[in-house]
Amino acid sequence: MSNPLQNVITQTEQVILGKPQQIRLALTCLLARGHLLIEDMPGVGKTTLAHVLSSTLGLQFQRIQFTSDMLPADILGVSIYQRESGDFKFHAGPIFSQMILADEVNRATPKTQSALLEAMEEHQVTSEGETRPLPSPFFVIATQNPTNQIGTFPLPESQLDRFMMRIQLGYPDAVAERGLLSGVDRRDLIADLKPQMQTSELFELQQQVRKVFVSPALLDYVQAILRHTRESARFVHGLSPRAGLSLLAAARAWALLAGRDAVIPEDVQAVLPGVASHRLQSVHDTQASDGEKLARELIEAVAIP
Amino acid sequence: MKLTAQLTYGLIACILLVSAPHAEHLPIWVSAECGALLLWRAYLARSGKALPPRWLLLGITVLSVLAIAFSFRSLFGREVGVTLLILLSTLKLLELKAVRDATIVVYLSCFIIITNFFYSQSIPTALFMLVTLLVILASWVHLQTGGLAFKSRLRIGGVLLLQAIPLSLILFVLFPRVQGPLWGLPQDAYASSGLSDSMSPGTMSKLSLSDAVAFRVTFDTAAPSRDRMYWRGPVLWDFDGTTWKRGRNATTRTGILEDTGMPLSYTVTLEPHNKRWLFALDMPDKLSIKYRLTPDFQLLSEKPLNARTRYRADSFLNYRANPDEPSQQLQRALTLPRGLNPQAQQLADNWRKQHPHDDAAIVREVLRHFNQGGFEYTLEPPLLGMNGIDEFLFQSKQGFCEHYAGSFVYLLRAAGVPARVVTGYQGGDYNDLGDYYILRQSDAHAWAEVWLGERGWIRYDPTAAIAPARIESGLSAAVSNPAALPFMARNPPPWIRALRFNWDALANQWNQWVLGYDTETQFAFLTRLGMEDISWKNMALNMLAGIFTLVGIFTLLMLRRLVVRQTDPVQAVWLKLCRKLEKSGLPRLAHEGPQDYASRIGTAHPALSEHMDDLAARYIGLRYQSQHDEGALQAFKHAVAAFKL
């Protein structure tokens, strides 16, 4: 494994206690050029995670708090008439940043949501007929509060598909909680963080992810998983081809994180809950939070060929 | 699962298919109402409009039930039950709100399938119901799986149906049969057409317009010639001027047959006709089922025959029947209504004067009269008045077998010769595919019996004197306008005949083996299969064993699809290793990757840890990394071969 990457993980784990799996998944998502959706209650460290990652990776960070009265221009930016020069000048919105934390994305109206999601998908912003590229790398961490849904617009399934992964943080375990309560203030810790990686190194890693070898045997496995979701009577819809591509990209990044140059079935299994949980829906119409369980079921239902 | 329009269409189709055959016997307004409700429902599904409000549905339901109660004058009984079931199921479609409602509709459709067999148990009905069941299953699959394509739903339904066939065969063959129907079907379940216990002009000719099968006969040995095949039915004694009736026998003594030859044995499969008569060749000796032989050699069963009945019978073709008939009976055979038909009486008196002591000669005179008197054999004789016999004998001279048999007996009685009318069937259509004879209603016939002292009762068929072809080759050869006859009695082209015979042979097999599969047939069949101790318990055990075997076979077939056949050499070696570990109680889970498996074994058996990690790494290298080299594979093979626990 490349050293800077290990350093990133180590440093992040010092601040975010007891969540090694989630940190790795978040990094995987970043390395695979996907975007991340965190669905959890307030106060479990969603914002902190985003902060720590941006500081550790040395990325520009912007946090956008979504509200119901927000307009697309509030995110993308707006052209304002200049009295002196007599023309319009574009004032870039907060989205022009390498790392975005879109907090409580379900509070905004669908119109604003789709402005964000389009930018995510196309890595560019088109406003008043002019197309402006977004900085690179561009990584969005969106958060959604699953409870207290009154007056919110939960992302529809088609929009959820734009996120490579959805993860949950959950409560810390007893040891981590004790560390958190007795330790230094997290904000101070974040302020002291030093970038462990150059942006160029991050680009390099993202390039490496694409080169991680995938054998025909592994593709068989991925296809078996996709086929199962489409043929089984358990799911409302099968996984889309885009989901399949995301799964493979995430598995490659995971393998790279684990220091391997080829993907093995365990990599696929590790990222599958993150990649599939928000895309699968049980026919029995239970709560969406069961996605994780469904993904586990899926893993156990498909034999490795 | 949402109740989509497509699903609704499927459910509408279920109810429509399953209740369509009922349209024939439902009140017309019920059929119309159901049709309208289905159309309405389809329109609602198509336009996506809301379902009707509760009060409206309730109103329609209450009104419909009241209307049914009014038109049937009852809310109990089979007809009413079926009508209610269909109407309410159709209404249920207008109440589809949750998946539960749809499930109920599916199960209701399955239930209504059964009710169709109350009315018809023929092969077409069974086939139609099979198709209906397929549609119902497809809707059910739709309900269970949601967004599956129509074709694959139908395919799953079909597979389910096919899988059910062997199971239902086992249940059908081995399920212990109870004597009689499982629950008594009411009498009106059966069409009743056939010979009645009276005969008046028109009875027989009307009956001969029906193509319906009366019974089928299989002879053990060669069949007798056609002109000797008189299937004896009700014997009629009492005449009131127009109608011949059975009346009451004046004796209880069973008829006696003397000077008989060897009996002729055969099997009769009699269609239900709701009367008590059983049919056998003149003269019957004994039957294999419970029966009673009347003094005039008529066979009666204990109860009206409302189920298809099979029996073996023995008959004597040569006999002297009751040469010592009691005088009260002979008196009955001479009785005539007073003051009617003077011309006939005069004719008879003339003959009597010519042959004062020779009854047989008088019989010959009557037959000669019919033969040479310009009589015509026709299906459409003119109507007759009060002195029907006179009008027929001296004016119209056109008649069917009942006219001839009736006036023949009348003339003989008038001349003082004891005689009676016998009704039944004559002849039979040979089906060479099934090697049996079919007797249809169109073969119904009436003839006469004359008592000639020492010689007993002798059969005379006056029809043979006018139209011998009727007896020798059937109705169509004898009647002047065959177009009025039923199709099969009209000598259709040979290929249609063959088709009909094929179909009838099939229907006969169906009747004998499917519908007629009762305790007796089951016993015979299982004995032929080699089952020795045919008890209730044994059959149930065999049935369960059969079901378990079948389900086991299906399970194995399905499991085989889960087992991945392996052709990759690397994978083969890995699986060999997994089998080794499995033997020592550490099986690999199907979804467990090599690294996870190795680490699990390492935790369970720390001693193996290093070796396992090495093997897993080799396997991963060969299978998931691009190391396609023969040397590494050989090394992996050796390492696995050397691996010991």
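**Strands and helices of chain B**

Colleague: Which residue is the bridge partner of B:Tyr430 in S19(B)?
Modeller: B:Tyr437 in S19(B) is the bridge partner of B:Tyr430. Strands are DSSP runs (E, at least two residues) and helices likewise (H or I, at least four), numbered from the N terminus. This is a predicted model, in which local features need pLDDT of at least 70, side-chain atom pairs count only at pLDDT 80 or more, and totals for chains, interfaces and linings use all residues; side-chain values use heavy atoms, with hydrogens and water left out. Residues are numbered from 1 along each chain as its sequence is written, while chains are lettered from A and ligands numbered from 1 in the order in which they are written.

Colleague: How many bridges join S2 to S19 in chain B?
Modeller: Four, between strand S2 (residues 213–219) and S19(B), which run antiparallel; B:Arg216 stands opposite B:Ile438 in S19(B). Strand S18 (residues 429–431) also pairs with S19(B), in the antiparallel sense over three bridges. Pairing requires that DSSP find at least two bridges between the strands.

Colleague: Is S19(B) mostly covered or uncovered?
Modeller: Mostly covered: five of the five residues in S19 (436–440) are buried. Buried means under 20% relative accessible area, exposed over 50%, and partly exposed in between, with a 1.4 Å probe and protein chains only. B:Tyr436, B:Ile438 and B:Arg440 point one way from S19(B), with B:Tyr437 and B:Leu439 pointing the other way.

Colleague: Turning to H2(B), what length does the helix reach?
Modeller: H2 (residues 28–47) of chain B has 20 residues and reaches 29 Å from its first C-alpha to its last, close to the 28 Å expected. The expected span is 1.5 Å times one less than the number of residues. Seen down the axis of H2(B), the buried residues fall within an arc of 135°, so they line one face of the helix; the arc is that of the directions from the helix axis to the C-beta atoms. The buried residues include B:Val30, B:Cys34 and B:Leu38.

Colleague: Which residues are exposed on the other side of H2(B)?
Modeller: B:Ile28, B:Leu39 and B:Arg46 are exposed there.

Colleague: And the open sheet of three strands: what is its order?
Modeller: The order is S1-S5-S4 in chain B, with antiparallel pairing. S1 (198–199) and S4 (238–239) are the edge strands, each pairing on one side only. Two bridges link S1(B) to S5 (residues 244–245), and B:Met199 has B:Trp244 as its bridge partner in S5(B).
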